Amino acid sequence: MDEKGNAVARRPARRRTTTARRARQARDQAVLLGVGALVAFSLATVAVQWLAHHLLVLVAVLAVALTAAVIVVRARGAADRRAHQVRTAQLRHIGAFMKMSPKAFEHALADLCRRDGCTRVTVVGGAGDLAADVLATTPSGQRILIQAKRYSPGTLVGSQDVQKVNGTYRDIHGCDLAAVVTTSTFTKAAAAFCTRVGLRMTDHRALALWAEGTGRPPWH
C-alpha cells in the first residue's frame, strides 16, 4: 500500500511539471513572435521613411536609367539601319552577286526585300528548306517565298527547280506568291512552266535592275 500510495502521489507532480513547461514554451513563443513582429514593423517603418526622404532620388535614378536604355536602343537601331544601307548600296551591280556564296546570296536578297518595304523577312535556306530560301511579307501584305539560285552564267535554272517551288510555296509554306531569283537565267521549259502556273522569274538582268532600284521587285 505504501509503495502504491507513493506511486500515486508522484503522478500529479509530473502532470504539474509538464503543464508548467508547456506554459513556459507558449509564453516564449509569444514573446518571440512579438519581438519578430516588432522588428518587422520597425524595419518597414524605416524603409517607408527612407523612401519618403529619397523618393525624388529614386525617381531621378529611374528616369536616367530609362533615358539611357532608350538612347542605347535608338543607337542600335540607327547602327543597324546604316549597316543595312551599306550592304544594299554594295548590291547595285550584278558583279557583287556573282562573287557571293549561295548563303550570302540569300541574305543579299533578304536585304533587298527589306530595302523595298518588306516586313517579317527571314532567311530559311538550308538542308530541308523545301524550296524556300527567303520568306517575307510584301508591302501589300502578301506572303512571298523566294528561291535563290546563285548560278554561274553557264548553269541555267531548269524545270525541276521551278516545279519544286510550285509544289511547296502554298501548301507547305503558306505563301501567296513565289519567285525564283537567279544570277543566271531560265531554260525555255522552266520559263514556260513559270508562265503557266504564275511563278515570278527574276533572271540576272532583272536582278541587276532590282538591285539598282530601277526595276521591279519579284512580287510585282
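Tutor: What follows looks at one helix contact and then at the aromatic rings. The model is predicted, so local features are reported only at pLDDT of at least 70 and side-chain atom pairs only at pLDDT 80 or more, whereas totals for chains, interfaces and linings use all residues. Residues are numbered from 1 along each chain as its sequence is written, and side-chain values use heavy atoms, with hydrogens and water left out.

As background, the chain contains six helices and five strands, where helices (H or I, at least four residues) and strands (E, at least two) are DSSP runs numbered from the N terminus, and their order along the sequence is α-α-α-β-β-β-α-β-α-β-α.

The contact to examine joins α3, residues 102-115, and α6, residues 204-212, whose axes come within 10 Å and cross at roughly 50 degrees. These axes are lines fitted to C-alpha atoms over the stretch in contact, with angles running from 0 to 180 degrees between N-to-C directions. The two helices, α3 and α6, are therefore oblique to each other, since angles under 35 degrees count as roughly parallel, over 145 as roughly antiparallel, 65 to 115 as roughly perpendicular and the rest as oblique. The crossing of α3 with α6 is left-handed, that is, the near helix is turned anticlockwise from the far one by less than a right angle (clockwise would be right-handed).

On the α3 side the contact (heavy atoms within 4.5 Å) involves Phe 105, Leu 109, Leu 112, Cys 113 and Arg 115, and on the α6 side Leu 207, Trp 210 and Ala 211. By class, these residues comprise seven nonpolar, no polar and one charged, with Ala, Val, Leu, Ile, Met, Phe, Trp, Tyr, Cys and Pro counted as nonpolar, Asp, Glu, Lys and Arg as charged, and the others, Gly among them, as polar.

Turning to the rings, the structure has two aromatic pairs. Rings of Phe, Tyr and Trp (its six-membered ring) pair if their centres lie within 6.5 Å, and planes under 30 degrees apart are stacked, over 60 edge-to-face and the rest tilted. Phe 105, which takes part in the helix contact, pairs edge-to-face with Phe 97 at 5.8 Å centre to centre, with 85 degrees between the planes. Both Phe 97 and Phe 105 are buried, meaning under 20% relative accessible area, with over 50% exposed and in between partly exposed (1.4 Å probe, protein chains only). The other pair, Trp 210 with Trp 219, is also edge-to-face, at 6.1 Å centre to centre and 90 degrees between the planes, and Trp 210 and Trp 219 are buried as well.
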